[in-house]
Structures are given as C-alpha cells and as structure tokens.
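Let us take a walk through a protein model together.

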Amino acid sequence: MIRQIALLNTATKWAGLLGISMCVILAFPAQRGYAAATGGSVFESHDSSTTLFTPISGGEDYRNAEGEGHSCVDRWHTADQDQDGRIVLTELLRVVQFYNSGGFHCADEPESTEDGYVPGWGVNVGCCPHDGDYYPAGPDWTIALTELLRLIQFYNTGGYAYCPDQGTEDQFCPVLHGEGEGEGEGEGEGEGEGEGEGEGEGEGEGEGEGEGEGEGEGEGEGEGEGEGEGEGEGEGQPCEPEIVIDFVPPYGTYGNLAGHVTCIPPNDPVSLGIEVYIEVEEVWWTKPYYAAPLTGIGVDGTWSCPIVTGGYDQYATGITVYLIPAGTAATSCDPCHELPVIPEAIDTLIIDRSPEVRRISAFGYDWSVKRRDFPAGPGGNYFSDAEDAVWADEKGLHLTISERDGHLACTEVILNASYGYGAYRVVTGSRVDMLDPNVVFGMFTWETAAYQEYYRELDIEFARWGNAALDTNAQYVVQPCSACPGCGDHCHRFRADLTDEDSELTSYLVWTPDRAEFRSYYGKYGAGEVPPAEQLAGYKVFEGADIPVPGNENFRLNLWLFNGTAPTDGQPVEVLVTDFAWQPEPPAWGEPGEGEGEGEGMRRVTTNLPNYPIMGYFAEATAVSINGETVALDADGGLRHDVTLSEGVNTFTVAPIDGDKDPANGLVLEATYDPEFSTSGHALLYNYGPTGSETIVLDLDAGEILGLLPGVQIVASTHAGDFVVDTSGNVYDAGNHTVVGALPFASAPAYPVFRGNDQYCYAARRVIDFASRAVVADDFPVMADGRFARLLPGDILVQCHNLTGFTTVDLTTNVAINEAELSLLRSLWGTSAIDPSGAYGVVTSYSYAAGAVDIGSLTTQETLAVFDLLADYMGQVAFSEDGLTAFAGGYGNSYYGGGGLYAFDLADTSLVTFYPQFGASSVAVGPDGLVYVSTHYVDHFGTGTVTQGYKHKRGIDVLSWDGSSFTVVKSYYLNAPHWYHVKPTFSIKPRYAP
C-alpha cells in the first residue's frame, strides 16, 4: 500500500498549529486516512463505529495517593472529558487552549467548566493537576510542547490506557487503533439484524452517522439495507500492519521523524523495520546513515528516525517511509536520483513537505520560482523566490542577485511545461555582455531525473567564468561538457558586444532530432520575424548522437554566481528578459550565408585610407574565398590580405573553403572609402609595429580598423590632435591622413615630443617651430624621445635617457633643472617612464628568461620597490587615468612562456594584479581610459608541441581597469607576427581637434 501526505511547511504555519485558529489544523477524510496539519504534523482519523478503549490494568487499580482529601488517581485521563478511553478533537483543542494561554488553573466551581479547569495562570491550584501536565518533573500548571505532543499521540492512535506498570512519564499508554473488545452502536449501511457471539477486530468511526467498516464472523438473520443495532462477538480477521506518522519535523528544522506501526505481531516488533529516505535538491538520501539504514520499532510499535544527520537535511522537501520485513536488503542512497523501489515493502508512506512554490506569469507562460535555503546548484548558491527578487511587469521578467538574510541570493525560474523539440527564443534587454566576471546568466533545458542523459541539458550562457580577462563572454553548450573549451565539439564560445542604447539581444535554441542549432542576433525579434543576417552575433550547430532526446525537461532562466563568489564590484545584479516564446518550427531564416566569424557578424567601416588590410582568424580552415578568389591562410589559420579600395562601398565576402567549411565562420566586410571623411574628432590608435614597415590605424570610436599606411610609422601626435607625425618627420592631417608638410629632423628615425601648446617640437637635440617647420635650436640639453618622455604642467619635460637617467628640462628656457638616476635590476633595459605627477620613475628590464620592474623616487633617487622574476622581455610602461597605477607589459618567452600586463599601485608600491597574455609588451592608455595591450602567438618548434598565446589573439586587447582588476572589452585581430620587442609600438592621438 502506498499513501501520500502533502504538508504545508513553514515556521509560521507551524506556529499556527499551536495558535488560536485551530479550525484549520486538520482536514479529515470520511474514512481512515491522513490529513495535513498546518505545522507539519500528520494525524490519523478514526472510525466512529467502535469503542477503542481497553484498560491495560483494569478494574479499580487507581494510582495511589496518600493523605487526606480528594484522590487525584483515576483510570481516565483528565483530557478525556467523556471518559470513553479516547481523545477526540474537541478534547485535544481544549489542551491546545491551555498551551496557547501559557497555563491553566482550577475553576472556582469545578462544575462550571467541562473539565474543572480555566485557561491561563491563576492562584487557584488546589485541585488535582491535569494528567497532561507531567513533564519534565511533575505538574507546573502549564502545558509544554512535549506534553501537547503526547496528547496528539493519544489522538492519533485512537485510544489510551492507564498503565502505571509500564514506566511511562505520565503513567498512560497509547492504545493502537482498532484493538480491543466492546460494544458500540451506530447508524450506517449494512445487511440484516441479528445477534451473535464472538470476538472481532474492526475499523470504524465511534458513535454517530457515517459509514463504517467491520470484519467478523457471526450468526444473524434478516436482509436489506437499513438501520440496526446489535451486540455480537465474532472471530475477527487479522489486520495488516500500517505506518502511522505521529510527527513530521517542519521544513528547515532539526527534529526526528516519529510514528508507530499498527497491527504488529504482539511483542514482536523485530520482525518488521522502518526504512526512510529524504529528498534534498531533487535527489534521495538514506536516513539516518548509510551504515545504519534501518530504524527499529519499539515494543509498543513506536519508532523514531533522525532525518537530519548531515549536509542540509533539514531542507528536505520529500520523505518516504517503508515498512519492510526483517532481513530485507536496504538500498543505500548517497544519493539516488530516483526513489528506490522496495517490492517487499508492506506499507509505504510518501510525505511532501515542500515549501509552497511561488508561481508567476510572464510572456503568456507560467513559471515556477526556484527556492533554495541552502547552497545548491548551480555554483553552490542560495536561491530566493521573494517577490522583490523575481518579478514580471510591463518591461518583462526581472532576475536578480541581492543580499538576503546575510547571504547573496540568486534567482531562477522554471517553465511549467515541457515542450521538447522546437525553437526556443529569448530576448534579453540588459547588458549581458558586461556582466560582472563572477556572474552567470543562463538559458537552458534541464531534467533532474535524466542524469544518465546528462539532464537533457542544452545551454546558452553569458559569463566570463570568474576571469575578467576572458575575451569571450558567451557560449553555447551541449552537455556533457566539464570544461569549455576543452570538451571537443560540445561547446562554442563567442563574444557579444552591446551598447547601453542597443542592449537587446535575441537568442535562439532550435532543437531537432540529432541537431541543436544556436543563434544570437543583435536587436529584438518576435514570432515570425527573420533577423537580418548582418545582425548575427553568435552561431553554432551541434550534430550527432550526443544531442539529447526530449523527456520531461523544462526550459529555465537563471542568474547565479560562479562558484558562489560575490560580484567583484560588490553590487546587486539584475538582468531583464523582455520576451520568451516556444514554437514547433524554427524561423524561416535559412543558412547564415556569409555568416559572422568569431561573433563579429557584418563588419562595416568608413575610412579615408585607400589601403585596407582584410584580417581574420579561421580556426580549422587552410584557405578562404574572398569574393571568389582563393587566398591561403598562414599555418595558424590567420588571414592577412591587403586590398586597395575604390571610392564608395566595397564589399568583401570571406568564407572558408577548406577544412572548416561552415559558412557561419566566415565574415562580410563592407568598407566605404570616402577621401572627404574626417577623423579629426575621433580617437585613433596608430600601431606602428616593431618592423617599421607600416602603420595600422584603428578608429577607437568606431571600434574598427580604419586602414593601412604602408611604409611609414606614425609615432607622435599634437596635443590638439589635429596632426600626427611619422619617424621621418612627415606631418599628416589627422582628419584625412594627407601629408601637409615635413619637419626638419636631423636624423631618422626620430620620436618627437610636443610642447603643451604645440608651438614647438623636440626631436633628439633639435628644437623646431612646428608652424613654420623651422629649426630653432640644435642644443636641446637631452636627446628628446617621445617614447620615454613626460610633459608636466608648467612646460616641464622629464626625459628618460641612458637606460635609467631622468633629466628634467624647463621648456621655457630649454635648461636642465634636475638629474635623477634609478637602478636597473636586470642587465637589459626595456623602457622607462615617468608617472603623471613626476614623482615616480618606473624602469623595466630583463635577462636570463626573466624580467623585473624598479620603482623609484625622482626626488630622492631612492629605489622604492623592486619586482623580480616577472615575464621575459619586459617592455612598455603606461599609467592609469588617475595616475595611481602603473601598467608594465611583458612579452614573455617563446619556450618558457609568461607574458602579460602587470598593474602596480604607486602609493604603496605593490603588485595589484596580472593579466596573462603572451606578447603583451606594448601598452597604452587611451583618452577613453581603456588600456590597450599587444597580443601575440608563437609555435616555438613549429610542431605544435610548445606554443604560447592564442592563435585568435594576434593584435590588440582592449581592457577596462576598475582599480583592482582588468576586464576584456574588445579584441582586435591584426594577424600580428611573433616578433620580440620591448619598446612601444602604439601612438594614440587625442579624440578632439580644435
């Protein structure tokens, strides 16, 4: 027999059990069964057709009471007002009244109340104490919870008896339901009238109207339905043992599960046993212990099982109790994803004590809100179902992470339907591309019971997985996948780039037999709409036997913390979902055609440079087609193909034709060449490279490659940003990049420095009037080199020279006013730099496959800190916008590895953090406050056995800096070759011209 109990379990509802509103405690079925108690206790109803009291010590065997006056000894319990050997509901409620009122006392006139007592404290305690007031050491004129539970036990069992010889605390014993002999009368349905003799056992409800059941043999005569009375003794049929629950600990508490077994063989409880399992986080665990899975039954049929013996057992939502014959093998669950089935079980009781599930409606669908009051998956997080944690309004569905009850609580919603195959569409309206590195936003299918099918899990996730330096921020996954990348063709990572103005992203999962297709498009697209191909942000198709088949999975949305780690900024998190829908068929979008290529989609650029380098990385291909022309890739999958643009729109379709033939891994470039297009108001980065053969120009405002200046190196810009200069002295209009003149450098290459008002230009020992291009002087007191110089307020220039020397020059007089010398730890000089305040000098050096950074005071010439054993080929130094942090880049070693960007706090001269990236020797800070650092890749032996860096990162990484950590904002792929360099290769012009 399998029976189920549904409980409402919260602490407040348990308090309600012992409160005034007792009318809601129980809901009784008409026949024998179980009813839910608001506090988590379960009571068994009983039949009215049979008197159930049988005295264990019969006759006049009263308790002894010495002394004069009224004897307080009686075979009847004082709660049993009608002295029928049973505690009925009204009698139980009377004791609950004493419990709620904090005590009881004697009525001044005993006959004035039904039991001779009055609720509440009182001075009159001269009468006999209530029999229910016995714990722990005798009457104290209060009813404690333990004492109340004892009366509930009598209520549940159906009867009690006075048993002073049994050693119980209150000298009473429960009488199990259905045992004994006696007389009874009632109205009901039955056959005949008659008399008979015999003994019998039966079930039923006391006196009154209703239906009753009885089993027995006897003699009688008559037939028909009607009312009847009778006395009889008959030989009864044996009853089947059943589990009765006396107490269920409320959800979140630590009590034992307690009950008793009816109809056990007399004095033979060892022939039966209790086996208990609890469900925590949707899996089942053996209780109390794996080594001791069975709970014994007492001689009186009672049993008690500790169900909180580890982990978060107090938050179990399900409890299953089996009554089994002795010798039945127990199933050890540690855990079990499915409840064990025990065929030998005589009786089974399933108890549901889940907290009430909150449900919300959004987008025309019903969702359940996940609640976990303990660290649970994913990530070992708490999950809140509070109304201000998850809600739906006219904007959409809001998921949050916020602090609650001393811990951070995440959120998840679960679709209350299982759709299986079809197209799932989710539109997000938040900057999911810029989530904190420790925050994960997921959209996925899941079925807990399908653990052998990897939970039927298909994922769309936006996250950096705790790594702020990760250049991707999204992934598609078909489980199983324990590490992405690294799980073969089960995972695809890409990067989405949104803006505050255009923050909506539409993501699709199209699930069909043996195929899962994922797509993400910039913008919001509804049912029946086909997103334009150029808005494709991410795309991947997984095929094969690993694609799960549908079962009972549900689609879910969640916002959680990776490894349970708090956001790095310590702020609450919110993600807005603006739409969701499922449909049986995918949108009529066809194949992506030109595709997107590493998440970039359609690339558009407007330029004033006719020479353009088409560059890209193709993971598996060896060749591509560019407008039908086959172009070979380098050995590492890199494309560099220079073209000359015609005026107007130039379109280039790039698709892999060998190896990786997925057209979605291609790209479309739409380059508009307009000689009149002006970039005078744009922030530009000139990457002049270590070889001196070209300058690649990046438009930082547009986020695109502007074009190529072949054969020149742009190395300087006026402060106003209207002109830039190359190493040969050619001056270019920064608005259209036409040559407008030349500076008379004494020798080349030269790296000029401009005075604050751009009146004079300094190159080596020469001073040049910039407007007239005339030489003013040839005796500048130091070799001017803009790569290692700093202009300070008041027309003061600090120039580093001779490896570690720093000379301060007053530009109003061209006179050196200070000399400083700092140390050089390693034998080879990288670069030197001065902080914006002019107080600190920072020197990088390297030798023997290791690098160092020295930080010193330019005032005292004292070395303040030395950092050794850094990356090999330590290079350029730049400073944060606020001047408080020095960024030092290191290239690394092609065999020993390393390479990356170091951040040093100048105030306490400490290393704050490190961003690992091979080839990161060039570093600059733009007018937008972002940090630009070079990236490279090398295969040391050319065999793939020793590699450094990443094939897809050969160019420039753009990082944001928050004072303690870096976050990747964007990566520019420039197909930059491996070339050791330690001197700067970036020049950034200001954003605005006059």
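Helices (H or I, at least four residues) and strands (E, at least two) are DSSP runs, numbered from the N terminus. The model is predicted, so local features need pLDDT of at least 70 and side-chain atom pairs count only at pLDDT 80 or more, while totals for chains, interfaces and linings use all residues. Residues are numbered from 1 along each chain as its sequence is written, and side-chain values use heavy atoms, with hydrogens and water left out.

Start with the whole protein. It has three helices and 73 strands. Of its 994 residues, 53% are buried; buried means under 20% relative accessible area, exposed over 50%, and partly exposed in between, with a 1.4 Å probe and protein chains only. Contact means heavy atoms within 4.5 Å. Among contacts with a separation of 6 or more, 59% link residues 24 or more positions apart.

Now look inside. In soluble globular proteins, nonpolar side chains tend to be buried together. A nonpolar core is a set of buried Ala, Val, Leu, Ile, Met, Phe, Trp, Tyr and Cys residues joined through side-chain atoms within 4.5 Å. The largest one here has 53 residues, and Trp367, Val413, Phe441, Phe462, Phe518 and Leu557 touch the most other members. A second, separate core of 36 residues includes Phe618, Leu669, Tyr932 and Tyr973.

Next, find the loop between strand 30 (474-478) and strand 31 (491-494), where Pro480 sits. The peptide bond from Gln479 to Pro480 is cis, with omega near 15 degrees. Pro485 lies in the loop between strand 30 and strand 31 too, and a cis peptide bond joins Cys484 to Pro485, with omega about -5 degrees.

Let us turn to a sheet. Strands of a sheet pair through backbone hydrogen bonds, either parallel or antiparallel. Two strands are said to pair if DSSP finds at least two bridges between them. Four strands form an open sheet in the order 51-52-53-54, with antiparallel pairing. Its edge strands, strand 51 (753-754) and strand 54 (774-777), each pair on one side only. Four bridges hold together strand 52 (residues 760-763) and strand 53 (residues 766-769), and Tyr760 stands opposite Asp769 in strand 53.

Strand 53 also contains Ile768. Is Ile768 buried or exposed? It is buried, with a relative accessible area of 0%. Ile768 and Pro744 are 24 residues apart in sequence, and their C-alpha atoms are 7.6 Å apart in space.

Further along, strand 55 (residues 789-792) and strand 56 (residues 796-801) run antiparallel and are joined by four bridges. Ala789 has Gln799 in strand 56 as its bridge partner. In this hairpin, with three residues between the strands, Gly794 takes a positive phi near 85 degrees. Asp795, in the loop between strand 55 and strand 56, has a positive phi of about 55 degrees although it is not a glycine.

Our last stop is Gln861, in the loop between strand 61 (850-857) and strand 62 (863-870). Gln861 is another residue other than glycine with a positive phi, near 60 degrees. At 38% relative accessibility, Gln861 counts as partly exposed.
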